Amino acid sequence: MALDTTELNEYRTEHDLLGDAKVPNTAYYGIQTQRAMENFNISGVELSHYDNVPTALAMVKKACALANRDVGMLDAAKADAIADACDEIIAGKLHDQFRVDMIQGGAGTSTNMNANEVIANRALELMGYRRGQYEHLHPNTHVNMAQSTNDVYPTAMRLAMVLKHSELIVAAQSLKNACVQKAEEFKSILKMGRTQLQDAVPMTLGQEFKAFATTIGEDIDRIRDMAKLLCEINLGGTAIGTGITADSRYAPLAVQYLSEISGQNMILAGDLVEATSDMGAFVIFSSALKRMAVKLSKMSNDLRLLSSGPLCGLNEINLPEMQPGSSIMPGKVNPVIPECMSQIAFHVIGNDMVVTMASEAAQLQLNYAEPVLVYKILESIQQLTNGMFMLTDRCVKGITANAEVCQAYVDNSVGLVTALNPYLGYENSSRIAKTALRTGRRVVELVKEEGLLTDEQLAEILKPENMVAPLDLSSKLI
């Protein structure tokens, strides 16, 4: 009977500690990645979902190969082949071969082996061999030389976050700029400020949008600062930070190469044992993302309130109309973009709790829960980035003001009495406010009726520019 070679052509057999397994011949990954794909069908989000993950892994592996070559541990031809394979991944190739689920057991071992196998098999091809001919270049022996998952994985994931956070900064800067433009556009529109949803004192709509811009700018600065903490790495610590299997000259060289390859100022931690299990930088960085999410949700709440109505709400601004708002109420248009932004914020806040719990899960010399921690931070960065671009382009840029509505609220508000307080005194001001509320009459009308201030004085005091900024009141003795 003739031998059926179909299956032989479609698969290659690889071997590991647990025995043999078939791997698709078309795959650059190998047996350990195959096992991980079978074991961890959890989130449906693979490593390749975040381009920065394969890129960062390849940067780390290239740095390690070059350092091992320099200290005489790795043959130059093998090191060059590994480096060339890494360069292809850094350039965006083979990312689809990073197939392991973001959530996995083993503290990231499956991720590390996925990288080792893809790089090894591509390097073998560059050397003129077939995939799987590991006797010529091995995923563990050569690609993973002087390394452990426990220093490679956290180093690469920190680098992935550093690379990815720059996208977040671009999105945040775009939103800030849009708010600055609206602040300038609305700088002369007087409106009522509100505290606890009650009338407070006058301000301009421009000041309200400038405050949005300022708060976003603060978060840009904080996230940049926190990202620097991620640049301190434990590369060279190998299994638990003692550096076993690594040459004594290797770690500084590997970190130096990684800085050059990535363009980031990576720093070797002073205590590699501590750095291998400590997740403090992740906790702080995640909390900065949560802070940004909280502020963005507050801003989104404000936009919904200011645009509420249009006939039975505040109706001070108009949001761009994105889609019909109801399947039953004709003509209704909802503030869907701010609503979506707030939901993203809720997700990011929840992710921060996952990061907190995962960081606490470190036991003795390692944290097994790094994969879910990494996944949730990268997810938060991605969603905040997408959300801010959405909020900028599909909402803030198209906002218009209802200046007449804003002015009418000011004219009819009891809050105007606060501007008169330095001139009338608290008792007179309180009495005027109470009467205005009881009778529905205007504050200005009551002040004139009682002869407390002249028309000229009222006109000067109630000039918009005199109500929205501090004045010299030294001569206004009561």
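Is Ala58 buried or exposed? In this predicted model, in which local features need pLDDT of at least 70, side-chain atom pairs count only at pLDDT 80 or more, and totals for chains, interfaces and linings use all residues, Ala58 is buried, with a relative accessible area of 1%. Residues are numbered from 1 along each chain as its sequence is written, and side-chain values use heavy atoms, with hydrogens and water left out. Buried stands for under 20% relative accessible area, exposed for over 50%, and partly exposed for values in between (1.4 Å probe, protein chains only).

Ala58 is found in helix 3, residues 52-70. Helices (H or I, at least four residues) and strands (E, at least two) are DSSP runs, numbered from the N terminus. With neighbours within four places in sequence left aside, Ala58 is in contact with Cys86, Ile89 and Ile90, where contact means heavy atoms within 4.5 Å. Tyr409 lies 351 residues from Ala58 along the chain, and the C-alpha atoms of these two residues are separated by 60 Å.

The chain as a whole has 19 helices and 8 strands. Its radius of gyration is 31 Å, well over the 23 Å that the globule rule gives for 478 residues, so the chain is more spread out than a compact globule. The radius is taken over C-alpha atoms, and the rule is 2.2 Å times the number of residues to the power 0.38. Along the principal axes, the C-alpha trace spans about 110 × 55 × 35 Å. Of the 478 residues, 51% count as buried. The accessible surface comes to about 22100 Å², of which carbon and sulfur atoms account for 53%; areas come from the Shrake-Rupley method with a 1.4 Å probe, and for residues only the protein chains shown count as cover. Among contacts between residues at least 6 apart in sequence, 72% join residues at least 24 apart.

An unreviewed UniProt entry lists residues 20-350 as "domain: Fumarate lyase N-terminal". UniProt positions are given in the numbering used here, feature names are shortened, and annotations may be inferred rather than shown by experiment. Over residues 20-350 the chain is 57% helix and 7% strand, with the end C-alpha atoms 41 Å apart.

Strand 1 (residues 11-16) and strand 2 (residues 19-24) run antiparallel and are joined by 6 bridges. Two strands pair if DSSP finds at least two bridges between them. The two strands form a hairpin with 2 residues between them. Thr13 stands opposite Lys22 of strand 2, while the bridge partner of His15 is Asp20. In a regular strand the side chains alternate between the two faces of the sheet. In strand 1, Arg12, Glu14 and Asp16 make up the covered face, and Tyr11, Thr13 and His15 the uncovered one. Helix 2 (residues 31-39) has Ile31, Thr33, Gln34, Arg35 and Ala36 as its buried residues. These residues pack against strand 1, strand 2 and helix 5 (109-126).

A search of the whole structure finds 0 disulfides, a disulfide being a pair of cysteine sulfur atoms within 2.5 Å. Cys312 is in no disulfide, and the nearest cysteine sulfur, that of Cys406, is 17 Å away. Cys312 is exposed, with a relative accessible area of 81%. Cys395, by contrast, is buried, with a relative accessible area of 1%. The closest cysteine sulfur to that of Cys395 is in Cys179, at 9.3 Å, too far for a bond.
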